[in-house]
Amino acid sequence: MSTPEPAPATARRTLIADTAIGLVASGGLRGLTHRAVDGAAGLPAGSTSYYFRTRTALIAACYRRLAELDVADGPQRPPADRDEAARALGALLHHWLTAGRQRQLARFELSLEAARNPELEPDLREAGLAVRARGAAVLAALGAREPQEAAELLAAWADGLLYDRLAGALAHSRPAPDPAELAATARRMLDAVLDTAV
């Protein structure tokens with residue numbers, strides 16, 4: 001049985017991952033180096049490489065942290081019905097398009113790296129499964145007979161919407177995200193996945 005990591009070490013790893021995500025969001029993957037993370041986090045030189053020896057390990061830590069944050073952003077209890085679920089999903093999408101915008105941009109950038117580096121694919125997959133498991137639990141509470149299938153479809157649609165609004169061809173010409181419009185879109189998405197995967 002492994003010994004739990006001391007709290008200060010866990011906090012340091014979290015700080016490093018959060019800082020790395022911020023660097024990717026602002027400057028892309030070219031700006032992600034161990035030295036840059038040390039500087040941006042205000043850590044002594046060599047700290048990032050002590051916890052994450054390679055760039056691949058650092059990116060994998062970003063995947064885990066992004067999944068942790070995305071799950072924490074989601075509903076903490078099952079919704080009572082589709083209307084409540086649509087409001088919650090609409091609010092979540094609005095958050096990711098506004099206050100969480102930088103984090104989602106980093107997620108897309110970091111996800112593309114796994115397509116180029118097969119070593120990262122298992123870590124990205126594990127992170128993605130964590131988010132989909134939460135979605136599957138919500139959809140199961142709403143009556144989906146195949147909640148995992150429904151969660152995968154919903155995740156794909158949500159990712160498509162986020163990418164289109166954040167980085168798509170019309171991203172900079174669209175009006176600011178509207179919570180009511182996103183809730184209505186979320187309801188259509190939920191109805192579609194629940195009516196095809198029940």
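Me: What makes Arg165 and Glu181 a salt bridge?
Reply: In this predicted model, the closest N and O atoms of Arg165 and Glu181 are 3.1 Å apart. The cut-off is a side-chain nitrogen of Lys or Arg within 4 Å of a carboxyl oxygen of Asp or Glu, so the pair counts as a salt bridge. The pair links distant parts of the chain, with Arg165 in helix H8 and Glu181 in helix H9, 16 residues apart.

Me: How do you know whether Arg165 is buried, exposed or partly exposed? And what about Glu181?
Reply: Buried means under 20% relative accessible area and exposed means over 50%, with partly exposed in between. Arg165 has 21%, so Arg165 counts as partly exposed. Glu181 has a relative accessible area of 30%, so Glu181 is partly exposed too.

Me: How many salt bridges are there in the structure?
Reply: The structure holds 15. One of them joins the side chains of Asp70 and Arg107, at 3.8 Å from N to O. That value falls within the 4 Å limit, so the pair qualifies. Asp70 sits in helix H4 and Arg107 in helix H6 (residues 101-116), 37 residues apart, so this is a link between distant parts of the chain. Both Asp70 and Arg107 are buried.

Me: What makes Asp73 and Arg103 a salt bridge?
Reply: Their side chains meet at 2.3 Å, N to O, and the limit is 4 Å, so the pair passes. Here again the pair links distant parts of the chain: Asp73 belongs to helix H4 and Arg103 to helix H6, 30 residues apart.

Me: Which residues are linked in a network of salt bridges?
Reply: Asp70, Asp73, Arg103, Arg107 and Asp159 are linked in one.

Me: What about Asp38: how do you know whether it has a salt bridge?
Reply: Asp38 has none, though Asp38 is buried.

Me: Then what does the side chain of Asp38 make a polar contact with?
Reply: The partner is the side chain of Thr48, at 2.7 Å. Asp38 lies in helix H2 (residues 34-41). Leaving aside residues up to four places away in sequence, Asp38 touches Leu43, Pro44, Ala45, Gly46, Ser47 and Thr48.

Me: How do you know that the span of helix H1 agrees with its number of residues?
Reply: H1 covers residues 7-27, which is 21 residues. At 1.5 Å a residue they should span 30 Å, and the end C-alpha atoms are 30 Å apart, so the two agree. Buried residues of H1 include Ile16, Ala20, Leu23 and Val24. The buried residues of H1 pack against H2, helix H3 (47-51), H4 and H6. After H1 comes Gly28, with a positive phi near 80°.

Me: And what does the span of helix H7 come to?
Reply: H7 (residues 121-141) has 21 residues that should span 30 Å, and its end C-alpha atoms are 30 Å apart, which agrees. Ala127, Gly128, Ala136, Val138 and Leu139 are buried in H7. The buried residues of H7 pack against helix H4 (55-73), helix H8 (147-167) and helix H9 (179-196). Gly143 follows H7, and its phi is positive, near 105°.

Me: How many helices and strands are there, and what makes the protein as compact as a globular one of its length?
Reply: There are 9 helices and 0 strands. The radius of gyration is 18 Å, close to the 16 Å from the globule rule for 198 residues, so the protein is as compact as a globular protein of that length. Of the 198 residues, 41% count as buried.

Key. Residues numbered from 1 in each chain as written. Predicted model: local features only at pLDDT ≥ 70, side-chain atom pairs only at ≥ 80, totals over all residues. Heavy atoms only, no water. Helix = DSSP H or I, 4+ residues; strand = E, 2+ residues; numbered from the N terminus. Buried < 20%, exposed > 50% of the residue type's maximum accessible area, 1.4 Å probe, protein only. Lys, Arg positive; Asp, Glu negative; His and termini not counted. Polar contact = N/O pair within 3.5 Å; in protein donor to acceptor, adjacent residues only side chain to side chain. Contact = heavy atoms within 4.5 Å. Expected span 1.5 Å × (residues − 1). Rg over C-alpha atoms; globule rule 2.2 N^0.38 Å.
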